Amino acid sequence: MMASPQKRIYFDHSATTQVLPEVLEEMKPYFLEKFGNASSIHSYGREARTAMEGARRSVASLLNSDPKEIIFTSGGTESDNLAIKGVAMYKGRMKGHIITSRIEHHAIIEPCAYLKRFGFEVTEVPVSRDGIVNLEDVEKAIRDDTVLITIMTANNEMGAIQPIREIGKMARDSGIPFHTDAVQAVGKLPIDVKADNMDLLSISAHKFHGPKGVGALYVKTGTKIEAQIQGGGHERGLRSSTENVPGIVGMGKASEIARRDFDKTTAKMRALRDKMIKAVPDLVPRSYVNGHLVQRLVNNASFRFDFIEGEGLILSLDMKGIAASTGSACSTGSLEPSHVLLALGLTHEQAHGSLRITLGRENTEEEVDYFLNVLPDVVRKLREISPFSSERPMGAGEGGSCVQ
Ligand code: PLP
């Protein structure tokens, strides 16, 4: 058995990432001597405004948008809420139809559920067994009263990348605004709002080495959208409240770094991800990969293990110094299995036995090797105490491992 490494291993980058030292350095003055309110007209205010507009340009470059199309928010959840409610309820509209998918984050599901209470109708298109939305299903769902299509760029749990360029084109041809939650895509997929035909796109700084509590919504010029937070008229009237200048500056720096290091970091994460995806089903009997094998985020390796309870697996790995997750961090603590894994056609038991590894730019091959070394033993021990192990009927792929 390999010795446990000195430091802990962080494999949960889809939950959050570490603020990079370069990002922190950039932010520091805006907590201290440059603490002005970006709306003030004196020199303190002007220096904060200048920094904020610089960050807006950096975020815009990352997405290939115009800086004036970037609205700063408090994070991915607020960006999603603003996009969905802001478009659907434009000018007091209280009915209409929204198309989304069955694998969205709760930051999309809940605003849609909220709108249903007021009379909106929502169609959730299904996904294939490997987690990808079918274009024909989206096309079939379009109605005369469809006011918005919102489908995520890439899934946070099993990493499947959606055909958003094609969906965006379909939406544009039908004259329907298209929103995508790209929170998990930044730094892992190139994003180009123009080429991808997007009207609205949500991002969140803490998922790409920026600070928590700051995000942005790209709103294409001309999109009909209404503010959800009223007040002093900040952010072109779309999001009132004194801007989080240090956070915004940090997000700007993190955007620059994501662009600068994209090729290097994605190549590294892809190699480590592929090593895991190839190795785990061979090392652990009755283990499977969730989600598409190729059309998936470079940093996502999602598995499931028969006869295993995900929470037990996470705690056992934690004792070995490895931080991972089962499904999305936001739904941890819930006994309900992940709606995303159920949408793939998994049973409740199968969905409960899942493990999500999400890599980051600092992870090393040594860490992956350590994980691959400890995993089989951890799974074996958990199966020894599993009430399901001996009782469950052996199905297809009995005794072996397969990748789906
Ligand atoms: N959308 C997706 C796909 C996410 O993964 C998350 C966070 O896990 C969010 C939205 C919410 O982002 P935030 O934590 O910035 O509110």
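Of the 14 residues around the ligand, which come nearest? The legends below take up this question and then turn to the domains and a salt bridge.

View 1. Gly76, Thr77, Asp181, Ser204 and Lys207 come nearest among the 14 residues around the ligand, where a residue counts as near if one of its heavy atoms lies within 4 Å of the molecule. The model is a predicted one, in which local features need pLDDT of at least 70 and side-chain atom pairs count only at pLDDT 80 or more, whereas totals for chains, interfaces and linings use all residues. Residues are numbered from 1 along each chain as its sequence is written, and side-chain values use heavy atoms, with hydrogens and water left out.

**View 2. Polar side chains at the ligand.** The side chain of Asp181 has an N or O atom 2.6 Å from a nitrogen atom of the ligand. An N or O atom in the side chain of Gln184 is 2.8 Å from an oxygen atom of the ligand, and a polar side-chain atom of His206 lies 3.0 Å from a ligand oxygen atom.

View 3. Domain 1 (9-17 + 262-384) and domain 2 (21-260) divide the protein, with bounds that come from an automatic or database domain assignment. Their C-alpha centres lie 27 Å apart, and 32 residues of domain 1 are in contact (heavy atoms within 4.5 Å) with 36 residues of domain 2. Together the two domains bury about 2,800 Å², 54% of it on carbon and sulfur atoms; buried area is the accessible area (1.4 Å probe) that two parts lose on being put together, summed over both. Thr17, Phe262 and Leu297 supply 24% of the area that domain 1 buries against domain 2, more than any other three residues.

**View 4. Charged pairing between Glu235 and Arg56.** The side chains of Glu235 and Arg56 meet in a salt bridge at 2.9 Å, N to O, the term standing for a side-chain nitrogen of Lys or Arg within 4 Å of a carboxyl oxygen of Asp or Glu. This pair links distant parts of the chain, 179 residues apart, with Glu235 in the loop between strand S8 (215-219) and helix H7 (245-260) and Arg56 in helix H2 (residues 43-63); helices (H or I, at least four residues) and strands (E, at least two) are DSSP runs, numbered from the N terminus. The structure holds 26 salt bridges, while the count between domain 1 and domain 2 is 0.

Conventions: Polar contact = N/O pair within 3.5 Å; in protein donor to acceptor, adjacent residues only side chain to side chain.
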